[in-house]
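Colleague: Hello! Could you walk me through this model, one question at a time?

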Amino acid sequence: MGTYNRLAVTFARGEGVWLWDTAGKRYLDALSGIAVCGLGHAHPAVCEALCDQAGILVHTSNLYRIGAQETLGKLLTELSGMDKVFFCNSGAEANEAAIKIARLHAHRQGMEQPAILVMESSFHGRTLATMSATGNRKVQAGFEPLVQGFVRVPYNDLEAIETAAANRPNIAAILVEPIQGEGGINVPADDYLSQLRALCDRHGWLLMLDEIQTGMGRTGHLFSYQGNGIQPDVVTLAKGLGNGFPIGACLARGAAAKVLGPGTHGSTFGGSPLACRVALSVLETLERDRLADRASRMGEYLLSGFEQTLGAREGIVQVRGRGLMIGIELDRPCGDLVHRALEGGLLINVTAERVVRLLPPLVLEQAEAELLLQQLASLIERFLEAPASS
Ligand SMILES: Cc1ncc(COP(=O)(O)O)c(C=O)c1O
């Protein structure tokens, strides 16, 4: 179906941060399939896990115990400080699980019409519930009636939450991205998450973090909240967890971890032996190669580099980000930059119309980061001198 506006390029193979199209042209991938291939393309550990497990056992069913799922669940809980994991196949599904946890938890406490606080400019997925939680009218338009039970406030605005809390006795949880991805790489105040944690504690709400884009080492910590010194009640993951193999996860802690039981939720494919073996190889590699630290280092290099070359230029609103999640906001729509970059052998993305978004693989080397910096800075400079129509 015509669900995507595709660029006129087909990639034939990849290695590390590089992709080659069917004509043999090479591209520096500064997007990782939108924060998915954190280990880069054709990583040997992922290849080994995928190929080996495919020859052993692909799928059985959650009717039975699954060894790799138990091992992955244990490792994920150890690394995240959470208690339990529900496995699924995508980000939207992980958020669906989180929404169900918040609702069931509230119902069990006698709240009949619970609501979840969500943010403007957020993105949580394309299913009916996650699209309704998403703070973008373009995503929702035409699909009404939306799923009820979401209360929206501006991002990075604690006062708005206090006001919502005063007006609504039925709030049960907050669902929020630690840094908004699709919304334009919006980085909140340093104490935003810890203040949200305090608010949730005060009101008895669940703090549910959508780490689907920020997680798996991207922002310089395995999970972004680890840089804020807080522990959420629910965390959702997908994207980088399988390095391109579809897997999602909803992690929960404390009371939230005890909500779902047999018959309340499930997934045929979720947590298959194959998906979990691949995700295990990803997590082990992230840890062994200290890729979150690398993301932090490379991110600082790129952020300060873009700030130096572009920061003071007219037409640049802000250079921002954390780790290898970087946004360069222009004062005008800049979708055409994606085409210009592609022509020059560079893959980038523009989100929220005016924000150049970079999500390169975490395995990015210094020389590759330098190339990315030089190439993109000069592309943006030329674009600002001669903007195109889009
Ligand atoms: C923060 C966030 N949440 C949820 C999703 C949805 O994930 P998926 O496309 O795997 O359903 C995305 C995808 O871009 C995302 O960035």
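Predicted model: local features only at pLDDT ≥ 70, side-chain atom pairs only at ≥ 80, totals over all residues.

Colleague: In which loop does Pro-145 lie?

Modeller: Residues are numbered from 1 along each chain as its sequence is written, and side-chain values use heavy atoms, with hydrogens and water left out. Helices (H or I, at least four residues) and strands (E, at least two) are DSSP runs, numbered from the N terminus. Pro-145 lies in the loop between helix 6 (137-140) and strand 6 (150-153).

Colleague: Is Ser-32 buried or exposed?

Modeller: Ser-32 sits in helix 1 (residues 32-35), and it has a positive phi of about 55 degrees although it is not a glycine. Buried means under 20% relative accessible area, exposed over 50%, and partly exposed in between (1.4 Å probe, protein chains only). Ser-32 has 0% relative accessibility, so it counts as buried.

Colleague: What is the phi of Ile-185 near?

Modeller: Ile-185 belongs to the loop between strand 7 (171-176) and helix 8 (192-203). Its relative accessible area is 0%, so Ile-185 is buried. Its phi is positive in a residue other than glycine, near 50 degrees.

Colleague: Which residue in strand 3 is the bridge partner of Leu-19?

Modeller: Two strands pair if DSSP finds at least two bridges between them. Strand 2 (residues 18-21) and strand 3 (residues 26-29) pair in the antiparallel sense over 3 bridges. They form a hairpin with 4 residues between them, and Gly-24 in the turn has a positive phi of about 90 degrees. The partner of Leu-19 is Tyr-27.

Colleague: Which residue stands opposite Trp-20?

Modeller: Strand 1 (residues 11-15) runs antiparallel to strand 2, joined by 4 bridges. Trp-18 and Trp-20 point one way from strand 2, and Leu-19 and Asp-21 the other way. Opposite Trp-20 stands Arg-13.

Colleague: What percentage of the contacts between residues at least 6 apart join residues at least 24 apart?

Modeller: Contact means heavy atoms within 4.5 Å. Among contacts in the chain between residues at least 6 apart in sequence, the share joining residues at least 24 apart is 73%.
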